[in-house]
Amino acid sequence: ARKLSAKLRDQNYHAFISESNHQGKSIYRVRVGNFESLDDAKVALDKLAKDKYNKAIILKNPKTDTDNS
């Protein structure tokens with residue numbers, strides 16, 4: 001995760017690592033963002049795909065979710 005995150009930062013992405021726990025094991029994810037809008041995230045996703053990062057997906061950040069529905 002550290003190598004991939006560093007490589008993405010070298011390519012001018014705002015990459016960082018998040019850690020979570022699954023069944024007692026640490027899981028490390030490399031993330032890119034945050035973005036002002038979904039459209040901005042889609043542009044970044046397209047750029048990631050062009051740069052051969054084909055497993056990238058868009059996720060909504062729950063910490064910035066202001067929708068109370």
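**Close-up views of a predicted model**

**View 1. Serine 18 in strand β1.** Serine 18 lies in strand β1, which spans residues 15-22. Strands (E, at least two residues) and helices (H or I, at least four) are DSSP runs, numbered from the N terminus. This is a predicted model, in which local features need pLDDT of at least 70, side-chain atom pairs count only at pLDDT 80 or more, and totals for chains, interfaces and linings use all residues. Residues are numbered from 1 along each chain as its sequence is written, and side-chain values use heavy atoms, with hydrogens and water left out. Serine 18 counts as buried because its relative accessibility is 18%. Buried means under 20% relative accessible area, exposed over 50%, and partly exposed in between (1.4 Å probe, protein chains only). The serine 18 side chain makes a polar contact of 2.8 Å with the side chain of arginine 31. A polar contact is a pair of N or O atoms within 3.5 Å; within protein, one must be able to donate a hydrogen and the other to accept it, and residues adjacent in sequence count only if both atoms are side-chain atoms. Neighbours within four places in sequence aside, serine 18 is in contact (heavy atoms within 4.5 Å) with Ile27, Tyr28, Arg29 and Arg31.

**View 2. Alanine 41 in helix α2.** Helix α2 covers residues 38-50 and includes alanine 41. Alanine 41 is buried, at 11% relative accessible area. Leaving out neighbours within four places in sequence, alanine 41 touches Phe35 and Ile58. Isoleucine 57 is 16 residues away along the chain; its C-alpha atom is 9.4 Å from that of alanine 41.

**View 3. The salt bridge of lysine 47 and aspartate 51.** The side chains of these residues pair at 3.3 Å, N to O. A salt bridge places a side-chain nitrogen of Lys or Arg within 4 Å of a carboxyl oxygen of Asp or Glu. The count by this rule is 1. Lysine 47 is partly exposed, at 41% relative accessible area. Aspartate 51 is also partly exposed, at 28%.

**View 4. The largest nonpolar core.** Leu8, Tyr13, Ala15, Leu48 and Tyr53 form this core of 5 residues. A nonpolar core is a set of buried Ala, Val, Leu, Ile, Met, Phe, Trp, Tyr and Cys residues joined through side-chain atoms within 4.5 Å. Beyond neighbours within four places in sequence, leucine 48 contacts Leu8, Tyr13, Tyr53 and Ala56.
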